[in-house]
Each structure stands twice: as structure tokens, then as C-alpha cells.
Amino acid sequence: MKSSQWLTIGQAAQRLGVSPQTLRRWERQGKIHAVRSPTNRRLYAMPEVQRLLSPVSSARCVIYARVTPAPTEPDLAEQLIRCIDYAGQHGYDVIRVFQEQGNGDDDNRPVLHEVLCGAQAHEFQIVLVSSPDRLALHGYGYLERLFEAYGVRVVWPTPSDADRPRL
């Protein structure tokens with residue numbers, strides 16, 4: 001690891017124009033990631049600091065769609081169209097679309113695990129689903145809190161007058 005690629009907490013705080021205490025709080029909130037040196041000092045990678053210095057044009061978003069084999073479930077295309085439209089209306093930058101077939105009660109869903117790993121790595125700020133039950137039929141609140149711990153919001157479109165059939 002080259003020393004020029006890493007900044008101490010004081011150097012990073014100075015570049016960002018904040019206090020070291022603010023950097024520690026941002027780290028707890030998941031806004032920036034630090035590594036620990038062998039002497040247990042916080043070190044910040046230059047790309048992490050530059051990411052915070054760059055103006056963010058739109059929130060980075062991933063879409064997660066899930067279906068089960070049951071015939072009453074909404075199909076993937078319907079979920080994706082709804083989510084992509086919603087992302088466009090709200091100015092989200094969709095960086096990836098995840099699709100999975102499986103039961104919402106199953107805790108062995110590799111695609112959802114991949115989404116969680118991306119959230120942990122701070123690759124995006126929003127997970128967009130067509131409805132909360134696409135993430136989990138039971139225990140959705142736990143998943144939502146886990147995403148929040150990584151600084152990620154779970155968002156879904158709510159029905160509006162435009163979605164209702166016209167009489």
C-alpha cells in the first residue's frame with residue numbers, strides 16, 4: 001500500500017474541510033470507509049475522499065426484482081418497468097438490475113446476498129423494489145434496518161392516480 005494513496009484522519013478532514021470528529025461520525029453512518037493501520041490509526045483512501053469532494057448528480061440506485069414460480073406473482077418484466085419508470089421520474093442513476101427467482105421466505109437467495117454485499121461496500125445509496133414483499137415476505141423490517149446501517153434506503157413506488165385503471 002502506497003502511503004500517497006492513503007490519508008490520515010487529520011489530512012482527510014483538512015481536504016474535506018471538516019473536523020476529525022465529523023469524519024468519525026460519517027464513518028459510523030457509512031458515508032465514508034476507513035481502514036485501520038497496524039498501529040490502529042484510521043486511514044482513508046484517496047478515492048473515498050475524492051468521492052465526497054465530487055458533486056453528486058443523482059443517487060446511485062440498484063433495482064431488485066424477485067418472482068416465485070406461482071402464477072399469481074407479478075412477472076419480472078412488470079416489476080422492472082415499474083421500477084425503471086420510477087427511477088427515471090426521481091432522477092436515480094440505475095447502476096445495476098438484480099433479478100431472482102425464489103421464495104420470499106427463503107434465506108438462501110444468492111442474488112439478494114449480492115445486493116447486501118454491494119450495500120456493505122457502499123456501491124449505491126438506494127435499493128429500488130416494486131414492493132417491500134419482493135425483498136422478504138416476513139422480516140422486511142430487519143432487512144430495511146440492515147440496509148440503513150450501510151447508508152442505503154429501500155424505496156418502492158406507491159400507487160398513484162396514474163397507476164389506477166380509468167373507468
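Predicted model: local features only at pLDDT ≥ 70, side-chain atom pairs only at ≥ 80, totals over all residues.

Colleague: Is Ala13 buried or exposed?
Modeller: Leaving aside its neighbours within four places in sequence, Ala13 is in contact with Val18, Ser19, Pro20 and Leu23. Its relative accessible area is 3%, and buried means under 20%. Ala13 is therefore buried.

Colleague: How far apart are the C-alpha atoms of Ala13 and Leu23?
Modeller: These two residues are 10 residues apart along the chain, and they are in contact. The separation of their C-alpha atoms is 6.6 Å.

Colleague: How are H1 and H2 oriented to each other?
Modeller: Two packed helices are described by the angle between their axes and the distance between the axes. Here the axes of H1 (residues 9–16) and H2 (residues 20–29) come within 9 Å and cross at roughly 95°. Angles of 65 to 115 degrees count as roughly perpendicular. The two helices are therefore roughly perpendicular.

Colleague: How many residues of the contact of H1 with H2 are charged?
Modeller: H1 brings Ile9, Ala12, Ala13 and Leu16, which meet Pro20, Leu23, Arg24 and Trp26 of H2. Seven of the residues of this contact are nonpolar and none is polar. The number of charged residues is one.

Colleague: What separates the C-alpha atoms of Gln50 and Leu16?
Modeller: Gln50 has its place in helix H3 (residues 46–53), and it is partly exposed, with a relative accessible area of 42%. Along the chain, Gln50 and Leu16 are 34 residues apart. Their C-alpha atoms are separated by 8.7 Å.

Colleague: Stepping back, how many helices and strands does the protein have?
Modeller: Read along the sequence, the pattern is β-α-α-β-β-α-β-α-β-α-β-α-β. In total this comes to six helices and seven strands.

Colleague: Which element gives the largest share of the largest nonpolar core?
Modeller: This core has 18 residues, and Tyr64, Val115, Phe124, Val127, Leu135 and Phe147 have the most contacts inside it. Two or more residues come from each of strand S4 (60–67), helix H5 (110–120) and helix H6 (140–149). The largest share, five residues, comes from H5.

Colleague: And how many residues does the second core have?
Modeller: This second core is separate, and it includes Ile9, Leu23, Ala34 and Val49. Ile9 and Leu23 also take part where H1 meets H2. The size of the second core is 12 residues.

Colleague: Where does His122, with its positive phi, lie?
Modeller: Most residues other than glycine have a negative phi. His122 is not a glycine, yet its phi is about 60°. It is partly exposed, with a relative accessible area of 22%. Its place is the loop between H5 and strand S6 (126–128).

Colleague: Last one: what is the phi of Asn40?
Modeller: Asn40 lies in the loop between strand S2 (35–36) and strand S3 (42–45). It is a residue other than glycine with a positive phi, near 70°.

Technical notes. Residues numbered from 1 in each chain as written. Heavy atoms only, no water. Core = buried A, V, L, I, M, F, W, Y, C linked by side-chain atoms within 4.5 Å. Buried < 20%, exposed > 50% of the residue type's maximum accessible area, 1.4 Å probe, protein only. Helix = DSSP H or I, 4+ residues; strand = E, 2+ residues; numbered from the N terminus. Axes fitted to C-alpha atoms, helices over the stretch in contact; angles between N-to-C directions. Parallel < 35°, antiparallel > 145°, perpendicular 65-115°, else oblique. Contact = heavy atoms within 4.5 Å. Nonpolar A, V, L, I, M, F, W, Y, C, P; charged D, E, K, R; others polar.
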